[in-house]
Amino acid sequence: MKLSALGRRLTGESGTRSLMDDLGAVATAGGGIMNLGGGNPSLIPAAEDVFRARMLAFMQRDGAFERAVGGYDGPEGDRGFARALAGLLRRECGFDVSERNIALTNGSQSAFLALFNLFAGPDEDGRTRRVLLPLSPEYIGYADLGLSPDLFVSRRSTITDLGDGLFKYGVNFDGLDEVEDIGAICVSRPTNPTGNVVTDEEVARLRAVARARGVPLIVDNAYGLPFPGIVFGDATLAWDEGTVLCMSLSKLGLPGIRTGIVIANEEIIAALGAANAIFCLAPGSLGPALAADLVESDEVLALSRDIIRPHYAERAKHAVDILRTRLDGCDVRIHRPEGAFFLWLWMPGLPITGAELYRRLRARGVIVVSGHYFFPGLDGDDWPHKHECLRISYADDWDRIERGLSIVAAEVRRAREED
């Protein structure tokens, strides 16, 4: 059996495939691996209590379970959930939206597969349009979503030294509006892998660039406001007809129910519904059915504000403190944790690559993700920075995280001493 060119590309080595293989190894190891990789959220007892109570109440409502599992929704997803979410966005964010501005997908990855290929790729005029990623490093999951090759073009971020061993990435706007053949602009906020939160000013400037180019600005808001709200500083959320805002129930603590959310103008929502109908007939019903009351009652806001955000903010502080102590005197810099649940280590001039450091850590039972995977659209760029970074999650069992961070620090020191 011979695979097509696309088939070979989809089944070949990739960052997403490598990451998911590692997560599979963690799942079968029975707790024997220190999982500092992956994007699985923490199992927060207070949040789990809320989800369990909502599930029990849902199961006790006459016909609710049967309707959720016994029939297809429309291709744009559960309209009751969409109405509840539109109401929350009007109340909390001041968005001028209705359920006609909201579509659901089977997780965020499905949403981006559809969106990227709706706006980029071969055009009727023979041109190939691309997705511009103005911030780099950027999310590992974007890299393999193009149904045509070279779907992404990316830009090196600016780097600002904040002192005290911290730094921050920023969008380099010099010449950004001159990049050719752009079908969409996309940025994650907070950014996976770095925990960076693109500033309100940067978002406003990106919206202006997108508007001038006549393309949408896609904002990947999986960790952001208003829920799950894993943002540690000041930030506001903006939306207009030229913005595509993508959200999820995964980082709230419900990744297994695979519910992605897209807020966009009605034309884009209709196109996304058509794509859903082709890809999967209709998105799953159980997630939105379970979460609708949380959203309609605004309980999801209190859950995010009072339980989820403080949990990750405290862990971020402790993780940074551990690494600073273990790496004292070693040239390692940490991106200031501003959101999500990752630490991003930059090790300037490290004599081994991030990929080799990953292999050494895996041999010691610690799963991380090599930074080189997080630069889609910079494939031809020889920027050494790509091979000097590591992504660490602090979402798993805290005892294993602490032990894993100590081993990371020990291996970085060993690599430095070998130079």
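Predicted model: local features only at pLDDT ≥ 70, side-chain atom pairs only at ≥ 80, totals over all residues.
# Reading a helix, a strand and a core

Me: Which residues of H7 are buried?

Reply: Glu202, Val203, Leu206, Val209 and Ala210 are. These five cover an arc of only 120° around the axis, which means that they lie on the same side of H7.

Me: And which residues are exposed on the other side of H7?

Reply: Glu201, Arg211 and Ala212.

Me: What covers the buried residues of H7?

Reply: The cover includes three strands: E7 (166–170), E8 (182–188) and E9 (217–220). Look also just after H7, where glycine 214 has a positive phi of about 70°.

Me: Now strands. Where do side chains point in a regular strand?

Reply: They alternate between the two faces of the sheet. Take strand E13, residues 342–346. Phe342, Trp344 and Trp346 point one way, while Leu343 and Leu345 point the other way.

Me: Are the residues of E13 buried or exposed?

Reply: Five of its five residues are buried, so E13 is mostly covered, with buried meaning under 20% relative accessible area.

Me: Which strands pair with E13?

Reply: Strand E12 (residues 333–335) pairs with E13 in the antiparallel sense, over two bridges. Here arginine 333 has tryptophan 346 as its bridge partner. Strand E16 (residues 389–393) is also antiparallel to E13, joined by five bridges. In that pairing, tryptophan 344 stands opposite arginine 391.

Me: How many residues lie between the strands in the hairpin of E12 and E13?

Reply: Six. Within this hairpin, alanine 340 takes a positive phi near 60°.

Me: Next, the core. What do nonpolar side chains tend to do in soluble globular proteins?

Reply: They tend to be buried together. In this model the largest nonpolar core has 104 residues. Ile261, Tyr394 and Val408 touch the most other members. Helix H11 (residues 299–326) gives the largest share of this core, ten residues.

Me: What does tyrosine 394 touch?

Reply: Leave out residues up to four places away in sequence. Its contacts then include Phe232, Tyr312, Arg315, Ala316, Ala319 and Ile401. Also among them are Ala340, Phe341, Phe342 and Leu343. Two of these names came up above: Ala340 from the hairpin and Phe342 from E13.

Me: How many residues are in the second, separate core?

Reply: There are 24, including Val131, Leu133, Leu151 and Ala275.

Note on methods
Residues numbered from 1 in each chain as written. Heavy atoms only, no water. Buried < 20%, exposed > 50% of the residue type's maximum accessible area, 1.4 Å probe, protein only. Helix = DSSP H or I, 4+ residues; strand = E, 2+ residues; numbered from the N terminus. Pairing = 2+ DSSP bridges. Arc of directions from axis to C-beta. Contact = heavy atoms within 4.5 Å. Core = buried A, V, L, I, M, F, W, Y, C linked by side-chain atoms within 4.5 Å.
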